[in-house]
Amino acid sequence: MTAIFVSVVGVLGTVMGAAFTAFVAARTEQRRERSQNRVQLNELRVEHQRWRRERRQAAYLSFLEALGTADRDNQAFFRELQARSSPVPLDETRIAAIRLKFKDAESAGLVVILEGPETVAEAAQNLVDQLSSLVQGVREYAEAATADSLGNGGDTVHEAGMRFIAERRALLGLARDVLDEVAKHV
């Protein structure tokens with residue numbers, strides 16, 4: 001009888017040991033899987049942050065390039081108008097070309113607004129508004145030059161240009177901060 005009892009205790013001990021080992025192994029496996037899931041989730045976040053940064057950087061760059069193109073043509077037209085000593089007919093073709101480049105910049109600005117964040121979107125809209133004022137100011141200067149009635153000699157255009165430059169600097173600073181912020185998370 002003692003032998004049977006010892007055998008039963010031995011078998012129960014073995015079964016309990018096996019069950020305990022299986023339980024510990026299952027818990028260890030669960031922990032390992034949770035750890036792997038956290039690592040994968042973190043890798044996805046990092047990849048998303050990289051993707052977001054690249055998209056924002058491309059949108060910001062495209063916007064600034066389009067703004068630069070429109071602004072350079074607008075400035076060149078203004079300088080030509082200032083250099084003229086006598087009234088000449090209004091160059092509607094040139095004004096239309098500048099307006100088209102402004103519209104391209106405005107479209108690129110919409111992408112910036114979509115990509116965000118809010119601070120950069122607001123700065124982009126302000127910059128588009130300033131460029132619009134600048135383009136309109138040059139158009140009005142051209143119309144006044146055609147009528148030979150230049151009152152302020154371009155002071156309004158100069159002031160609009162200075163506001164445009166200030167807004168562009170503000171946007172550049174905000175965009176740089178946003179891109180750096182995303183890079184810190186990566």
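A nonpolar core is here a set of buried Ala, Val, Leu, Ile, Met, Phe, Trp, Tyr and Cys residues joined through side-chain atoms within 4.5 Å, where buried means under 20% relative accessible area, exposed over 50% and partly exposed in between (1.4 Å probe, protein chains only). The model is predicted, so that local features need pLDDT of at least 70 and side-chain atom pairs count only at pLDDT 80 or more, while totals for chains, interfaces and linings use all residues. Residues are numbered from 1 along each chain as its sequence is written, and side-chain values use heavy atoms, with hydrogens and water left out.

**Exercise 1. Describe how α2 and α3 pack, and classify the residues of their contact.**

Solution. Axes are lines fitted to C-alpha atoms, for helices over the stretch in contact, and angles run from 0 to 180 degrees between N-to-C directions. For helix α2 (residues 92-115) and helix α3 (residues 118-146), the angle is about 175° and the axes are 9 Å apart. That makes α2 roughly antiparallel to α3, since angles over 145 degrees count as roughly antiparallel, under 35 as roughly parallel, 65 to 115 as roughly perpendicular and the rest as oblique. The residues of this contact divide into 13 nonpolar, 2 polar and 4 charged, where Ala, Val, Leu, Ile, Met, Phe, Trp, Tyr, Cys and Pro count as nonpolar, Asp, Glu, Lys and Arg as charged, and the others, Gly among them, as polar. On the α2 side the contact includes Glu-92, Ile-95 and Phe-102, and on the α3 side Val-128, Leu-131 and Arg-139. Arg-139 touches Glu-92 and Ile-95, not counting residues up to four places away in sequence, and at 25% relative accessibility Arg-139 counts as partly exposed. In the loop between the two helices lies Pro-117, and the peptide bond from Gly-116 to Pro-117 is cis, with omega near 0°. Most peptide bonds are trans.

**Exercise 2. Find how many aromatic pairs the whole structure holds, and characterise the geometry and burial of Phe-78 and Tyr-141.**

Solution. Rings of Phe, Tyr and Trp (its six-membered ring) pair if their centres lie within 6.5 Å, and planes under 30 degrees apart count as stacked, over 60 as edge-to-face and the rest as tilted. The search of the whole structure finds 1 aromatic pair, formed by Phe-78 and Tyr-141 at 4.9 Å centre to centre with 65° between the planes, and therefore edge-to-face. The pair links distant parts of the chain, with Phe-78 in helix α1 (residues 2-83) and Tyr-141 in helix α3, 63 residues apart, and both residues are buried.

Definitions and conventions: Helices (H or I, at least four residues) and strands (E, at least two) are DSSP runs, numbered from the N terminus. Contact means heavy atoms within 4.5 Å.
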